[in-house]
Amino acid sequence: MDVLVKRDDLIHPVVSGNKWRKLKYIVEHANELGFTHLISMGGPHSNHLHALAYLGKQMGFRTTGIVRGHHKFLSPTLRDISEWGMDLEFVSRESFRELRTHRNYNAQPGLIRDGYWIPEGGYNPLALHGIADMVAELTEPYDIIVAPCGTGSTLAGMIRAVPVNTQVTGFSALKGDGYIEREVQALLAASGGPPKQGVEWCVTYDYHCGGFAKTKPELEEFVAQFESEFGFQVDPVYTGKMFYGLFDLIESNAFDRGSRIIAVHTGGLQGRRSE
Ligand SMILES: *Cc1c(COP(=O)(O)O)cnc(C)c1O
């Protein structure tokens, strides 16, 4: 069985992978509406805030990042972010959870006015267009395409864009109970309805290894072995768990023999520094 890897970690030295894909059309929308200030939220190692801060600097937007928790020392991610000029606001875990309910660009969280609000992780129907660009770059035929999941936006974009008769599988990076499926359904509903006929999709929660950003010795061993065997890096939060799960499913014959599989390397390597 062949597994091809779409190396979206290589698209840019700083803003890699799906965070750039997701932000591209969101930022364009903000620009069209005349906003000059982008506001979003994330944890202290957030790939999303990291990409947003960099884009903001490159494209001349003021940016504000609302960060979960209070931190005595800045993580490497937050150090980059503040060097690039993003204003940081630290909030309690409770306030952070409350902020997650603000989903629209003009649903201001109350803390800051006059800005364009980007939900955590770039969860927005516009994100799907950027993921479609990634899918359009695939030149090899495939039956199955897999990616790691956090908010489900990347998965929704793939479900929307893949050709007929493709199976789309997401590997959840966090513990769940159908949460990602609900988020994916909502994004699909907000962007043109159900997927094409013959596009099947599912999410597996069997490989989160204890929860978001949690790990276990088997995963660490797998990642070390994987990197030395294949000669490229994965991140332990998302892509490491995806490959760990994918290899396990292949070994347990979960896929038809001869299936052509594409695994999307969604980037996120900057987060490795804070392991
Ligand atoms: C954010 C992120 C994901 C999750 O993407 P969603 O669209 O939120 O599901 C996957 N991989 C990497 C590397 C990420 O940074």
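Analyst: In this predicted model, a polar side-chain atom of threonine 154 lies 2.6 Å from an oxygen atom of the ligand. For threonine 151, a polar side-chain atom is likewise placed 2.6 Å from a ligand oxygen atom.

User: And which atom of serine 153 lies 3.4 Å from an oxygen atom of the ligand?

Analyst: For serine 153 it is a backbone N or O atom.

User: How much of the ligand does the protein bury?

Analyst: The ligand taken alone exposes 380 Å², and the protein buries 98% of that.

User: How many residues surround the ligand, and which are the closest?

Analyst: The ligand is surrounded by 15 residues, the closest being Lys19, Asn47, Thr151, Thr154 and Thr266. By class, the shell has 10 polar, three nonpolar and two charged residues.

User: Which element gives the largest share of that shell?

Analyst: That is α1, with three residues. At least two shell residues come from each of α1 (17-32), β6 (144-149) and α6 (153-161).

User: Changing topic: how do the axes of α8 and α9 cross?

Analyst: The axes of helix α8 (residues 217-230) and helix α9 (residues 239-251) come within 10 Å and cross at roughly 90°, which means that α8 is roughly perpendicular to α9.

User: Which residues meet there?

Analyst: From α8, Glu218, Leu219, Phe222, Val223, Phe226 and Phe230 take part; they meet Gly240, Lys241, Phe243, Tyr244 and Phe247 of α9. The residues of this contact divide into eight nonpolar, two charged and one polar.

Key:
Residues are numbered from 1 along each chain as its sequence is written. This is a predicted model: local features need pLDDT of at least 70, side-chain atom pairs count only at pLDDT 80 or more; totals for chains, interfaces and linings use all residues. Side-chain values use heavy atoms; hydrogens and water are left out. Axes are lines fitted to C-alpha atoms, for helices over the stretch in contact, and angles run from 0 to 180 degrees between N-to-C directions. Helices (H or I, at least four residues) and strands (E, at least two) are DSSP runs, numbered from the N terminus. Angles under 35 degrees count as roughly parallel, over 145 as roughly antiparallel, 65 to 115 as roughly perpendicular and the rest as oblique. Contact means heavy atoms within 4.5 Å. Ala, Val, Leu, Ile, Met, Phe, Trp, Tyr, Cys and Pro count as nonpolar, Asp, Glu, Lys and Arg as charged, and the others, Gly among them, as polar. A residue is near a molecule or strand if one of its heavy atoms lies within 4 Å of it. A polar contact is a pair of N or O atoms within 3.5 Å; within protein, one must be able to donate a hydrogen and the other to accept it, and residues adjacent in sequence count only if both atoms are side-chain atoms. Accessible areas come from the Shrake-Rupley method with a 1.4 Å probe; for residues, only the protein chains shown count as cover.
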